[in-house]
Amino acid sequence: MNTKAPFRGKKPLIYISALAVSSILSLPLQAGGTDRVHCSNETLKGNYGFTITGIRPATRGGPQVALVGTALTTFHGDGTFDQFDNINVDSPADPYQADRPGTGTYNLNPDCSGSMTLTAGGVTLELSIIVVDNGREVRTAVITPDVIITSNGRRT
């Protein structure tokens, strides 16, 4: 004897879905909470390992080529940093550059957004940055010169 009632229509599924959605929507929102992180230049202090990816001209006015790399950046907590990077560009005109030194400055806003200026290999880059995970990670995007380069860094 079959004791299970056959599934009749979609009403039970609709009720279960509505219950799940209402449960999620009733959770407290964190957007205006007191546990928000406030950043300052001191938020970034110590060594961060970065992966770098993007495209840029092979030479001034030349075709766009891919690049990848890594960097070890030491933030000093006072708005300055130094680093060395290893950049590999898909161009015979621009050979692999190992352990290229660089220096720069950064400024963090209370909302953990900010800006960076990096000078390395005779080129100065302006970057937009976001600090996440309570200062453990940094996301960057080069905004000038006209290249498409991003990086992600994590405290080591």
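This is a predicted model: local features need pLDDT of at least 70, side-chain atom pairs count only at pLDDT 80 or more; totals for chains, interfaces and linings use all residues.
**The surroundings of Asn86**

- Asn86 belongs to strand E3, which covers residues 80-89, and its side chain reaches the backbone nitrogen of Asp99 at 2.7 Å.
- Which residues does Asn86 touch, not counting residues up to four places away in sequence? They are Val68, Gly69, Thr70, Tyr96, Gln97, Ala98 and Asp99.
- Asp99, whose backbone nitrogen is reached by the side chain of Asn86, is itself found in strand E4, made up of residues 97-108.

**How the strands pair**

- Strand E1, residues 45-57, pairs with E8 in the antiparallel sense over eight bridges, and within this pairing Thr51 has Asn152 of E8 as its bridge partner.
- E4 and strand E5, the latter formed by residues 113-120, run antiparallel and are joined by seven bridges; Tyr106 has Met116 in E5 as its bridge partner.
- The hairpin of E4 and E5 has four residues between the strands, and in this hairpin Cys112 takes a positive phi near 75 degrees.
- E5 is also joined to E6, again in an antiparallel arrangement, by eight bridges, and Ser115 stands opposite Ser128 in E6.
- Two residues lie between E5 and E6 in the hairpin that these strands form, and Gly121 in the turn has a positive phi of about 60 degrees.
- As a general point on strands, side chains in a regular strand alternate between the two faces of the sheet.

**Salt bridges**

- How many salt bridges does a search of the whole structure find? The search finds five.
- A network of salt bridges links Asp133, Arg136, Glu137, Arg139 and Arg154.
- Another salt bridge is formed where the side chains of Arg139 and Glu137 meet, at 2.6 Å from N to O.
- Is Glu137 buried or exposed? Glu137 counts as buried, because its relative accessible area is 17% and the limit for that term is under 20%.
- Arg154 is partly exposed at 40% relative accessibility, Asp133 is partly exposed with a relative accessible area of 36%, and Arg139 is likewise counted as partly exposed at 33% relative accessibility.

**Backbone geometry**

- Most residues other than glycine have a negative phi, and most peptide bonds are trans; the residues in the following points can be read against that background.
- Asp99 is a residue other than glycine with a positive phi, near 50 degrees, and Asp99 lies in strand E4.
- Asp133 is a residue other than glycine whose phi is positive as well, near 55 degrees, and Asp133 is found in the loop between strand E6, residues 123-132, and E7.
- Where does a cis peptide bond occur? A cis peptide bond joins Thr144 and Pro145, with omega at about 0 degrees.
- Pro145 lies in the loop between strand E7, residues 137-144, and strand E8, residues 148-155.

Note on methods:
Residues are numbered from 1 along each chain as its sequence is written. Side-chain values use heavy atoms; hydrogens and water are left out. A polar contact is a pair of N or O atoms within 3.5 Å; within protein, one must be able to donate a hydrogen and the other to accept it, and residues adjacent in sequence count only if both atoms are side-chain atoms. Contact means heavy atoms within 4.5 Å. Two strands pair if DSSP finds at least two bridges between them. A salt bridge is a side-chain nitrogen of Lys or Arg within 4 Å of a carboxyl oxygen of Asp or Glu. Buried means under 20% relative accessible area, exposed over 50%, partly exposed in between (1.4 Å probe, protein chains only).
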